[in-house]
Amino acid sequence: QVQLVESGGGSVQAGGTLRLSCAASGPTASTIYFAWFRQPPGKEREGVASIYTIGNDAYYADSVQGRFTISQASTRDTLYLEMSSLKPEDTAMYYCAAEPRWIDPHERLTPSAYNYWGKGTQVTVSS
């Protein structure tokens with residue numbers, strides 16, 4: 001099965017930038033979707049961005065549209081999330097997820113649609 005390890009989290013001031021990475025190992029060639037999710041303290045996990053690995057089609061939550069960019073390495077073994085204009089409300093544990101099966105478009109930012117998860121990396125944005 002696919003193993004995922006996130007990195008790149010840290011503390012940054014509002015307005016700053018961070019780039020998260022997710023290293024994938026195992027049968028990554030079978031992965032159709034990669035995604036980033038986040039879970040703020042005391043809240044439920046929410047979808048941030050997803051990417052269709054074959055066509056590079058990306059989907060974003062409204063809250064990050066225009067500020068975050070999801071991308072993947074051509075080898076499909078690394079996922080990235082470029083985050084800019086960060087806000088305190090972006091503070092959360094960020095998780096990488098992968099899924100080898102087709103996901104309906106309206107579910108591509110739904111946690112239950114993904115079977116493989118990393119352990120997360122913390123992002124803290126101070127005002």
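Arg 76 comes out as partly exposed, with a relative accessible area of 24%; on this scale, buried is under 20%, exposed is over 50% and partly exposed is in between, using a 1.4 Å probe and protein chains only. The model is a predicted one, so to speak of local features takes a pLDDT of at least 70 and side-chain atom pairs count only at pLDDT 80 or more, while totals for chains, interfaces and linings use all residues. Residues are numbered from 1 along each chain as its sequence is written, and side-chain values use heavy atoms, with hydrogens and water left out.

Arg 76 sits in the loop that links strand E7 (68-72) to strand E8 (78-83). Strands here are DSSP runs of E with at least two residues, helices are runs of H or I with at least four, and both are numbered from the N terminus. Most residues other than glycine have a negative phi.

Val 123 tells another story. This residue belongs to strand E11 (residues 121-126) and is buried, at 0% relative accessibility. Contact means heavy atoms within 4.5 Å. Neighbours within four places in sequence aside, Val 123 touches Gly 9, Gly 10, Leu 18, Leu 20, Met 83, Asp 90, Thr 91, Ala 92 and Tyr 94. From Val 123 to Tyr 80, 43 residues away along the chain, the C-alpha separation is 14 Å.

Zooming out, the protein chain has eleven strands and zero helices. Its radius of gyration is 13 Å, close to the 14 Å from the globule rule for 127 residues, so the chain is as compact as a globular protein of that length; the radius is taken over C-alpha atoms, and the rule is 2.2 Å times the number of residues to the power 0.38. Along the principal axes, the C-alpha atoms fill a box of roughly 40 × 25 × 25 Å. Of the 127 residues, 43% count as buried. Among contacts with a separation of 6 or more, 58% come from residues 24 or more positions apart. As for the surface, the protein chain exposes about 6300 Å², with carbon and sulfur atoms supplying 47% of it; these areas come from the Shrake-Rupley method with a 1.4 Å probe.
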